Amino acid sequence: MNLIEKASTSKTFCIYPWIHQYVDPTGDVKPCCLYNPNKEGTGNLKDNSLKEIWNNDINKQMRLDMLNGVTIQGCSKCNSREGISTPHRDEANQIWHHTIQSVVEQTNDNGSLPTHQLKYIDARFNNLCNFKCRTCGPRFSTSWYDDYQTTRNEKIPDKFPKTLLYPGNTKEHLLEEITEHLQYVERIYFAGGEPMMQVDHYLILENLINLKNIGVITKLPVIIYSTNFSSLKLGNRSAIDLWKQFPSVVLNLSIDGSYERAEYWRKGTNWNDIIDNLKTVKNAGASTQMCINYTLSWVNAFNLPDLHKEWITLDYINPNKINVNCLDDPNMYSLKGIPTWKKKQIEQKFLEHIDWLRNIKSNSNRYIKVYDRTIKQFTDAISFMNSFDSGNDFIYKENFKEVNNKYDRVRDEDFLKVFTEHTDMIKFIQER
């Protein structure tokens, strides 16, 4: 069996180790951003260059294991989705299907590759962020630092002794390493921290535009964001002005709720600012696609159909521009751990929304095509939720009470006053 046949038949094959290196704000280098944070990655930028890590023993063995169908323990999120919903690696392989043959057939017998040319870049230049979302932490947000220090268990070593994290030995280290790959890249994913606050992100866009202007590249890559959408510029740099130079810009708006629920769950959100920025981008004339990027937990599950329906009705987004990402960790927020009767409520809400999606009409009274993929995101969420039998108990109630209520006290907030749909969970989540 040749390499291409192995790749096409292996259930664990993922294209990323052939085209990509993910770098997080601590310098950890991994195959992708979903790789288990508790598992060893492929290296750290503070110790080795990306080129040195590219063909180290860990990466070489990972490529061979993926070709031979060996389960990669660090790919636990994709492994756990198998048979329940669409694993991220399957989506990646579909996006990059045009590249698989040309890069995989270059694999040497020992798993090494002859060239180091990143076609996909996801590099987190730092953890600078103006939000402190409940599902995040100090690894990816500087705004989390004070709450983390106030609430952490002092008996446990401090993992984040400083506020600003950057992956290299200097603040410019990662940018310098990434720049040499810009002539090869086809897709760039900007996340954070918050990319709109990171000067490195603007420098890369400017560099790419310059490379095209001087003829080094003939086509600009697809630019993809995960952004809290609180700002569209940094100093005198306008993201919109730069986006107008690119043929395709995808804005995945990290919006895990609406109105007061968004402002609680993603602390730092000003809902009116989000709507104003959305309208600004829609009227700007840039080739942008805006998409709801919703991290789904049991906490914000009821709000998802309401937000989706409202934004479709107001013509803010196309119905198919939504990504529903079922949260695994922290497990106290996961859909899997709540009582069965609560799951049934959420399932009913989602099924009603699916019925509505199948009968959407435009202003001209024509039915709007809602793709099967869009419907599947909601049915997959139901399957994910029901993949674990929690009985009539909230499995993680003690952890939720300890952690969420602690943050409520620090932030002077009240969970049940905002998420009134969960008053029936009061015996599980409120301290006595």
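Let me start with a term: buried means under 20% relative accessible area, exposed means over 50%, and partly exposed lies in between, with a 1.4 Å probe and protein chains only. This is a predicted model, where local features need pLDDT of at least 70, side-chain atom pairs count only at pLDDT 80 or more, and totals for chains, interfaces and linings use all residues. Residues are numbered from 1 along each chain as its sequence is written, and side-chain values use heavy atoms, with hydrogens and water left out.

Now the salt bridges. The term means a side-chain nitrogen of Lys or Arg within 4 Å of a carboxyl oxygen of Asp or Glu. The structure holds 21.

Take Lys-376 and Asp-380, which meet at 2.9 Å, N to O. They sit 4 residues apart in helix α16 (residues 372-385), so about one helical turn separates them. Helices are DSSP runs of H or I, at least four residues; strands are runs of E, at least two; both are numbered from the N terminus. Asp-380 is buried at 14%. Lys-376 is partly exposed at 35%.

Next, Asp-256 and Arg-266, at 3.5 Å. This pair links distant parts of the chain: Asp-256 lies in the loop between β10 and α12, Arg-266 in strand β11, 10 residues apart. Asp-256 is buried at 4%. Arg-266 is buried too, at 11%.
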